[in-house]
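Q: I would like to go through this structure with you. Could we begin with the contacts along the chain and then turn to the fold?

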Amino acid sequence: MGQVGRPKAELLLSEDERAALEGWVRKRSTPQSWALRCRIILECATGATNQAVAQKLGATPHAVGRWRARFVEHRIAGLGDMPRSGGPRSVTDEQVAALVTRTLETKPKDATHWSTRAMAAEMGMSQSTVSRIWRAFGLQPHRVEGFKLSTDPFFVDKVHDVVGLYLDPPERALVFCVDEKSQIQALDRSQPVLPMMPGVPERATHDYVRAGTTTTLFAALEVATGQVIGSLHRRHRAEEFKKFLVKIDKQTPKGLDVHLVLDNYATHKTPAIKTWLVAHPRFHLHFTPTGSSWLNLVERWFAELTNKQIRRGVHKSVQSLEKDIRDWIAGWNTNPRPYVWTKTADEILERLAAYLNRIPDSGD
C-alpha cells in the first residue's frame, strides 16, 4: 500500500551539518527551542516520517514539517526565526531624534518634567509611541535621583584611605564604621493602627503625636563581623561621643588596634577628643570626605534600623523607643551580617571621573 498524505521533503545532511547539529544538542547552554529544532532535523535525516518524529520528540507533525521544509530550503540558517512581515514604519528616524532631543533639552511650560501624554501632544505622536521610544533610549523623565559631589580638597586621599581599610585591613586590628543617628523621635499615631487583613494592607494615620524629647544613637559597626556596639544618649555633644569611645575601648580586646571610619562632624575633633585619643594610642581615626556619607558602611546599617524598626514603629515615650532600639541591636548581634565592600578606590574614582565628563559645569 502506498504512503498516504503529503509527501515529505527529502532531507540529507552533510558531515559538517550533522556535526554542528549534534554539537548544539549536546551543549547544555543551547536554548531548548534551538535544541529541539536540531533534534527534529537529525531525526528527519534518518528517513522517519513527520508523524514518527513528532511522536518521538513530543512535537506536533505540523511543526516537524515546517522545520523540515525550512531546513531543506535554507539549510541551518532556516532554523532561525525568520523576519516577520508588518506594516511600514509610521515614525521616521528624524522624528525619533527630535523627540529624544526635546525630552533631553526642554521642559513643558506647565510642569517640571515631560509625561508621555504631554510629549505625545507636543510631538503629534501617540502616547504608546512616545513610551516605546523612551524605553528604547532609557529615558525616564518622571524619575529623579539625588547626588552630591564632595568639595573636599583631600577627596582622593581619603577615598583611598577608607576603601583601603575595607579591602585590606591592617593585621591585629579592628575596623569600625562609626556615626550618630541624631534626633530620633518617639512618635505615636493620632489614631490606632489598623492591622493587616487578607487583601487589605496595614493602615496608619499620616499624622502623629510627638512623645517627649528625642534620643541619639551612637553606633560602631565592625566591618569584619557586622557586630554593632550601640549607645543611646539624650544629647549629641563631644562629651557623649567621648563616652561612646570609652565604651568601644572597654568592649574590644586590649591587644588590638582600633581603626574608626567616621565623618567630619565637629564633635569628633574637639580638644577633649584629641586629648583622649593621645591617651589611647591604639585608636586611629579615618575621616570620610565631606559630603560622602555613602563611604561609611554604618549608614547602610542605620537604613536597616530605620526601615525595620523606627519608621513604622509606634512609641508613646522616649523610654519605649530606646528599649526597642536596644532590643533590635541585641537581635542583630545574635546573627550579624557584615556588609562586603567590593569596589576599589581606583574603580570609584574612575566612575566618578566618567560621570563628571558627562555633565556640564562640573568644574573638573
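This is a predicted model: local features need pLDDT of at least 70, side-chain atom pairs count only at pLDDT 80 or more; totals for chains, interfaces and linings use all residues.

Q: What does the secondary structure of the protein chain come to?
A: The protein chain has 13 helices and five strands. Its radius of gyration is 33 Å, well over the 21 Å that the globule rule gives for 364 residues, so the chain is more spread out than a compact globule.

Q: What does the C-alpha trace span along its principal axes?
A: The span is about 105 × 60 × 55 Å.

Q: And how many of the 364 residues count as buried, as a percentage?
A: Of the 364 residues, 37% count as buried. The accessible surface of the protein chain is about 23100 Å², and carbon and sulfur atoms account for 53% of that surface.

Q: Turning to the sheet, what is the order of the five strands?
A: The order is β3-β2-β1-β4-β5, in an open sheet with mixed pairing. The edges are formed by β3 (228-233) and β5 (283-287); each has a single partner strand, so one side of each is left without a neighbour in the sheet. On average, neighbouring strands of this sheet are turned by 30° against each other, direction ignored.

Q: In which sense do β2 and β3 pair?
A: Strand β2 (residues 208-222) pairs with β3 in the antiparallel sense, over six bridges. Thr216 has His233 in β3 as its bridge partner.

Q: And in which sense do β4 and β5 pair?
A: Strand β4 (residues 257-262) and β5 pair in the parallel sense, with five bridges. Here Val258 has Phe283 of β5 as its bridge partner.

Q: Which helix makes a β-α-β unit with β4 and β5?
A: That is helix α10 (residues 271-279), and the unit is right-handed.

Q: Which strands does helix α12 lie across?
A: Helix α12 (residues 318-334) lies across β1 (173-189), β2 and β3, and runs at about 25° to β2.

Q: Which residues of helix α11 are buried?
A: In α11 (residues 298-310), the buried residues are Val298, Trp301, Phe302, Glu304, Leu305, Thr306, Gln309 and Ile310.

Q: What do these buried residues of α11 pack against?
A: They pack against β1, β2, β3 and α12.

Note on methods: Residues are numbered from 1 along each chain as its sequence is written. Side-chain values use heavy atoms; hydrogens and water are left out. Two strands pair if DSSP finds at least two bridges between them. Helices (H or I, at least four residues) and strands (E, at least two) are DSSP runs, numbered from the N terminus. Axes are lines fitted to C-alpha atoms, for helices over the stretch in contact, and angles run from 0 to 180 degrees between N-to-C directions. Contact means heavy atoms within 4.5 Å. Buried means under 20% relative accessible area, exposed over 50%, partly exposed in between (1.4 Å probe, protein chains only). The radius of gyration is taken over C-alpha atoms; the globule rule is 2.2 Å times the number of residues to the power 0.38. Accessible areas come from the Shrake-Rupley method with a 1.4 Å probe; for residues, only the protein chains shown count as cover. A crossover is right-handed if, with the strands pointing away from the viewer, the path from the first strand over the helix to the second runs clockwise.
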